[in-house]
Amino acid sequence: MVVRRLLRRRWVLGVVLGLSLLYFLTSTFKQEERPVHDRTLLQARESDHHIPWRVKFNLGNSSRQITQCRNSIQGKALLTDELGYVCERKDLLVNGCCNVNSPSSRQYICKSCLPNGCCSVYEYCVSCCLQPDKQPLLERFLNRAAEGFQNLFTAVEDHFELCLAKCRTSSQSVQHENTYRNPQAKYCYGDSPPELLPI
C-alpha cells in the first residue's frame, strides 16, 4: 500500500515536471521567435515598398475634353476647378469649370504660397498642389502618412480630392491646439507642417 502511494506520487510529480518543462521550452521558443518576426516586419516596413493608394493622378493636360468640373465650392471670392484653374466666383461656368477665357482665370497658380508648400489662400494651395510636378511629393507624403492618416487619405480617389484634403487646415497647422503655427500660411500641400513664426 505504501509502495503504491509512493509510486503514484512519483508518477504525478513526473507528469507535472514533464508538463512544466514542456511549457518552459515552448514559451522560450516563442520568445526567441518573436524578435525575429518583429525584425522581419520592421525590415519590410523600412524597405521602399509602395502602398497601393487609390489616388489617380491626372496628366495635367488641360486640353482634355471635360464637360463637368468639380471645384473647391466654398470660396467666397475665388474657386479652384479640378483642372487647376483659379477664378473669381463670377467667372465660374454652369458646368463648374472656370472660364479659361476670363482675365481672372489662371492655371496652377501658386500666389501666396511659400517654398515649403504652405499658402495663405486655400484656392491657391489647391491649384499649386495640382501641378503635375507635385505628384512625386504627394506620393512620398502618402507613403509616409500610411499609419497616421490612412483613414483620411485612402478615402480620396484622385489628385484633385487629395489636394482638397491636403490643403485644408489640419492639426499640423496648429500649435497648443488653439493657435496657428503660421496664421499667414496655414493651408499646406507640402509634407512638412508650417514653420513656427517667431513670437
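How many salt bridges does the count come to? The count comes to 6 salt bridges. The model is predicted. The close-ups below cover the sheet, the helix packed on it, several charged pairs and the aromatic contacts.

**View 1. Three strands form an open sheet with the order β1-β2-β3.** The pairing is antiparallel. Strand β1 spans residues 78-80 and β3 spans 106-107. Both stand at the edges with a single partner strand each, so one side of each lacks a neighbour in the sheet. Strand β2 covers residues 85-88. Its antiparallel pairing with β3 runs over 2 bridges. Across this pairing, V86 stands opposite R106 of β3. Strands of a sheet pair through backbone hydrogen bonds, in either the parallel or the antiparallel sense.

**View 2. Helix α2 packs on the sheet.** This helix comprises residues 122-129 and touches β1, β2 and β3. The direction of α2 makes about 20° with that of β1. How many of the residues of α2 are buried? The helix is mostly covered, with 8 of its 8 residues buried. Among them are three cysteines, C125, C128 and C129. Y122, E123, Y124, V126 and S127 are buried as well.

**View 3. D158 and R70 meet in a salt bridge through their side chains.** The N to O distance is 2.6 Å. D158 sits in the loop between α4 (150-153) and α5 (159-167), and R70 in the loop between α1 (2-46) and β1. The two positions are 88 residues apart in sequence, so the pair ties together separate parts of the chain. D158 is buried, at 16% relative accessible area. R70 counts as partly exposed, at 30%.

**View 4. K90 and E88 form a salt bridge.** Their closest N and O atoms are 3.3 Å apart. Is K90 buried or exposed? K90 is exposed, with a relative accessible area of 65%. E88 is partly exposed, with 33%. Side chains of opposite charge can pair when their charged atoms come close.

**View 5. D133 forms a salt bridge with K134.** The closest N and O atoms lie 3.6 Å apart. D133 is exposed, at 56% relative accessible area. K134 is buried, at 14%. Elsewhere, salt bridges with shared partners join R70, E82, D158 and E161 into one network.

**View 6. The structure holds 1 aromatic pair.** The partners are Y122 and Y187, with ring centres 5.8 Å apart. Their planes stand at 65°, so the pair is edge-to-face. Why does this pair tie together parts that are 65 residues apart in sequence? Y122 lies in helix α2 and Y187 in strand β7 (residues 187-188), so the contact links those two parts. Both Y122 and Y187 are buried. A pair of aromatic rings is described by the distance of the centres and the angle of the planes.

**View 7. K166 lies over the face of F141.** What is the distance of K166 from the ring centre? K166 is at 4.1 Å from the ring centre of F141.

Technical notes: Residues are numbered from 1 along each chain as its sequence is written. This is a predicted model: local features need pLDDT of at least 70, side-chain atom pairs count only at pLDDT 80 or more; totals for chains, interfaces and linings use all residues. Side-chain values use heavy atoms; hydrogens and water are left out. Two strands pair if DSSP finds at least two bridges between them. Helices (H or I, at least four residues) and strands (E, at least two) are DSSP runs, numbered from the N terminus. Contact means heavy atoms within 4.5 Å. Axes are lines fitted to C-alpha atoms, for helices over the stretch in contact, and angles run from 0 to 180 degrees between N-to-C directions. A salt bridge is a side-chain nitrogen of Lys or Arg within 4 Å of a carboxyl oxygen of Asp or Glu. Buried means under 20% relative accessible area, exposed over 50%, partly exposed in between (1.4 Å probe, protein chains only). Rings of Phe, Tyr and Trp (its six-membered ring) pair if their centres lie within 6.5 Å; planes under 30 degrees apart count as stacked, over 60 as edge-to-face and the rest as tilted. A charge sits over a ring if NZ of Lys or CZ of Arg is within 6 Å of the ring centre and within 35 degrees of the ring normal.
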